[in-house]
Amino acid sequence: MIIYVDMDGVLADYDKAFAEVKSHQPDVTYPQSLPQFFENLEPIDGAIDAFKELSEKHDVYILTAPSNRNPLSYTEKRLWVENHLGFEATERLIICSNKGLLKGDILIDDNIDGKGQESFEGLVFHFGNETFTHWSKILNKISLVKF
Ligand SMILES: [Mg+2]
């Protein structure tokens, strides 16, 4: 199966870093516009192992939209992938503002619309909702999917 994995809120903890900037620098309107914001995001619990496990069985890509508030996001996302998932994984990185343009079977995303998720042709697994509270739930579900 071709599986796309979103980055912010699925592999990398965007919300935690956003909240930390806001608590220390409340005057910053767009924390995501700060240099190294994307590079320094912490991995979501279970995400690194899950990505590696899925990659052993499936054709897995990282599919992330860029931040239009931060042109450095392109470079920093690439660095994050190398730092946390390894150099080989950088060949799996797709930075695209319209996820609906990509062909595939499953998209794992913490948003179900806004960046083309609503027009994705395959299944969309809504990471963080009541069904998929943790990566372990996603892995379990994918193991049951038959095409
Ligand atoms: Mg996201």
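Here is the tour, from the sheet to a helix and on to the metal site. Keep in mind that you're looking at a predicted model.

Stop 1: You'll find an open sheet of five, in the order 3-2-1-4-5, with parallel pairing. Now pick strand 3 (93-95) and strand 5: they stand at the edges with a single partner strand each, so one side of each has no neighbour in the sheet. Going from one strand to the next, the twist averages 25°.

Stop 2: Select strand 1 along with strand 2 (residues 59-64); four bridges join them in the parallel sense. Click on I3 and look across to V60, its bridge partner in strand 2.

**Stop 3: helix 4.** Helix 4 packs on the sheet, where it touches strand 1, strand 4 and strand 5. Its direction makes about 170° with that of strand 4. Show the side chains of W135, I138, L139 and I142, which are buried. Why do they sit on the same side of helix 4? Because they cover an arc of only 95° around the axis. Among the elements covering them is helix 2 (47-57).

**Stop 4: the metal.** Zoom to the magnesium ion and show D6, D8 and D110, which coordinate it at 2.1 to 2.2 Å. D8 is in the loop between strand 1 (2-5) and helix 1 (14-24), while D110 is in the loop between strand 4 (106-109) and strand 5 (123-126), so the pair ties together parts 102 residues apart in sequence. Buried or partly exposed? D8 is buried, at 16% relative accessible area, whereas D110 counts as partly exposed, at 22%.

Terms used
Residues numbered from 1 in each chain as written. Predicted model: local features only at pLDDT ≥ 70, side-chain atom pairs only at ≥ 80, totals over all residues. Heavy atoms only, no water. Donors = N, O, S within 2.8 Å, 3.2 Å for Na, K, Ca; no water. Helix = DSSP H or I, 4+ residues; strand = E, 2+ residues; numbered from the N terminus. Buried < 20%, exposed > 50% of the residue type's maximum accessible area, 1.4 Å probe, protein only. Arc of directions from axis to C-beta. Contact = heavy atoms within 4.5 Å. Pairing = 2+ DSSP bridges. Axes fitted to C-alpha atoms, helices over the stretch in contact; angles between N-to-C directions.
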